[in-house]
Amino acid sequence: MRLLASEKTEAAPTEVSAIGRAFDPFEPDFVRDPYPALAEAQRTEPVFYAPVIDSWIVTRYATVRSVLRDTARFSPRIVSDPLTPLCPVARDIIVNSEFDVPGLLVNNGTPSHPHCRKFFGEPLKPHHLARLRPFIEKTVARHIDRMMALGSSADLAAGLTWDVPALVLFRLLGIPDEDVPQVKDYADSRVVLLWGRPTPEEQTRLTQGALDFFRYTTNLVHARMEKLEEDYPSELLRQRDGDDAKASIRDIIAVTFNLLFAGHETTSSASANILSAILSRRELWEGVVDGSIDIPNLVEEGLRFDPPVQAWRRLATEDVVLDGVGIPAGSHLLLHFAAANRDPERFEQPEVFDPTRGNAGQHTSFGVGAHFCLGATLAKIEIETMIRQLAEKLPDLRLAPDHPPLYLPNTSFRGLRRLVVEW
Ligand code: HEM
């Protein structure tokens, strides 16, 4: 997270096409439903420049994958830089503090990435995560029971899908139960801060929140240096074994700090989007309830159909040509996963939600190649558990009428902030 960095494209094109001029990821119709505009672009002009975000938009499945695989020519170092540069007050909060979060994983475009990935990814391997399963089951059950006790209608986003991934991350990071109410404030969305158009007030509040969580994480790691526990920072300290060449304490703090955002908002959005897609197609929900639909494949299809990470940035490190379009070195690219996941060249009838789709898992929603999401297994366990338990406990679950979808306008993340249901 390079909060102070907002690199500009070095060479913006002088001529912009009609599709490029019309593309605006903040425009309300696009925020509500980006898919028709993306399909049109993919058909007619699969790579184009959009001046509104000073980026080249890439929409075809094969091209998005080839860019992700080519880390030499396409660097990830800008992926989490603020799209809107920080205002002076927010900048001062960072400049006058000890905030220090180097790019080690998702925005690491240096040769150190494979080492970092191996070291920091080890405790996220499936055999380590098995430890979290009983906690996930219990937390999901507790949230559904609480909603059921309150009546016959609830907002699933507020009552289930926002909280569960946050609590799972807190458990993974080793945040003690008594700190959870305080740390929940830090789990505020960073989407608008980094990928949106925040007001100066929002920037100031969110930057202060990020700094508070950084300080909390620093204290947490220092406490684990005194006494190791069974959690992510302790596991890293054990692996480090006092050897700075493996990882410094600063690096462990930075990765622990970033993991809350990486694992929370993404998984919350995915579960809300998938539940919405299933509940708005009655036959799918009935298939889940009667057990005729395979939930893991349904989740893959949900991740393909309406991905929580809609688009992800890369920086061209040299002049390149993509789908016949020349792009100068220094340009910013926005790889549109949402478009790639509906490319008819890869997915038959891509606009249909098909839980039996044979290649659903080939979506790009977790990225591809060197930076492929390290939390994919954990996210899928959580989403599957929520769907399974909802089907068991509330088989009559349905969407409540008259609640228009609510999303945060930004370039990269799409997640329902409200999902009102009845039973
Ligand atoms: C449905 C939920 C999730 C989605 C859609 C998602 C998506 C992504 C994407 C698109 C990337 C970047 C890939 C690239 O640049 O090629 C990524 C990287 C990453 N994700 Fe996730 N993620 C999810 C959940 C999680 C969870 C639960 C965790 C942690 C517990 C996590 C940890 C990470 C980490 C550490 C990276 C950086 C990997 C690297 O650069 O080597 N993610 N994720």
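Visitor: Gln349: buried or exposed?
Guide: Exposed, in this predicted model. Gln349 has 10 C-beta neighbours inside 10 Å, and 12 or fewer counts as exposed.

Visitor: Where does Gln349 lie?
Guide: In the loop between α18 and α19.

Visitor: And what is its phi?
Guide: Near 40° for Gln349. That is a positive value in a residue other than glycine.

Visitor: What about Pro350, buried or exposed?
Guide: Buried. Pro350 has 22 C-beta neighbours inside 10 Å, so it passes the cut-off of 20 or more.

Visitor: Where is the place of Pro350?
Guide: In the loop between α18 (337–340) and α19.

Visitor: Which residues is Pro350 in contact with, leaving aside neighbours within four places in sequence?
Guide: Arg342, Asp343 and Pro344.

Visitor: How far apart are Pro350 and Phe305?
Guide: In sequence, 45 residues. In space, 7.9 Å from C-alpha to C-alpha.

Visitor: Where does Asp54 lie?
Guide: In the loop between β1 and β2. Those strands form a hairpin with four residues between them.

Visitor: Why does Asp54 count as partly exposed?
Guide: Because it has 14 C-beta neighbours inside 10 Å. Buried needs 20 or more, and exposed needs 12 or fewer.

Visitor: How do β1 and β2 pair?
Guide: In the antiparallel sense, over four bridges. Ala50 stands opposite Ser55 in β2.

Visitor: Which way do the β2 residues point?
Guide: Ser55 and Ile57 point one way. Trp56 and Val58 point the other way. All of these are buried.

Visitor: β2 and β8, parallel or antiparallel?
Guide: Parallel, with three bridges joining β2 to β8. In β8, Leu333 is the bridge partner of Trp56.

Visitor: And β5 with β8, parallel or antiparallel?
Guide: Antiparallel. Five bridges join β5 (residues 311–316) to β8 (residues 332–336).

Visitor: How many bridges pair β9 and β10?
Guide: Two, in the antiparallel sense, and β10 covers residues 420–422. Leu399 stands opposite Val421 in β10.

Visitor: Switching to the ligand. Which residues come nearest?
Guide: Gly263, Thr266, Gly367, Cys373 and Gly375, of the 26 residues around the ligand.

Visitor: Which elements give two or more residues to the shell?
Guide: α15 (249–279) and α19 (376–393). The largest share, six residues, comes from α15.

Visitor: How does the shell split by class?
Guide: The shell has 18 nonpolar, seven polar and one charged residues.

Visitor: Last topic, α13. How many residues does it have?
Guide: Helix α13 has 27, residues 200–226. From first C-alpha to last it reaches 39 Å. That is close to the 39 Å expected at 1.5 Å a residue.

Visitor: Which residues of α13 are buried?
Guide: Among them are Gln203, Leu206, Thr207, Ala210, Phe213, Phe214 and Thr217. The list also includes Leu220, Val221 and Arg224.

Visitor: What covers them?
Guide: The cover over the buried residues of α13 includes α5 (88–95), α11 (180–186) and α12 (191–195). It also includes α14 (232–240) and α15.

Notes: Residues numbered from 1 in each chain as written. Predicted model: local features only at pLDDT ≥ 70, side-chain atom pairs only at ≥ 80, totals over all residues. Pairing = 2+ DSSP bridges. Near = placed C-beta within 6 Å. Nonpolar A, V, L, I, M, F, W, Y, C, P; charged D, E, K, R; others polar. Expected span 1.5 Å × (residues − 1). Contact = placed C-beta atoms within 7 Å.
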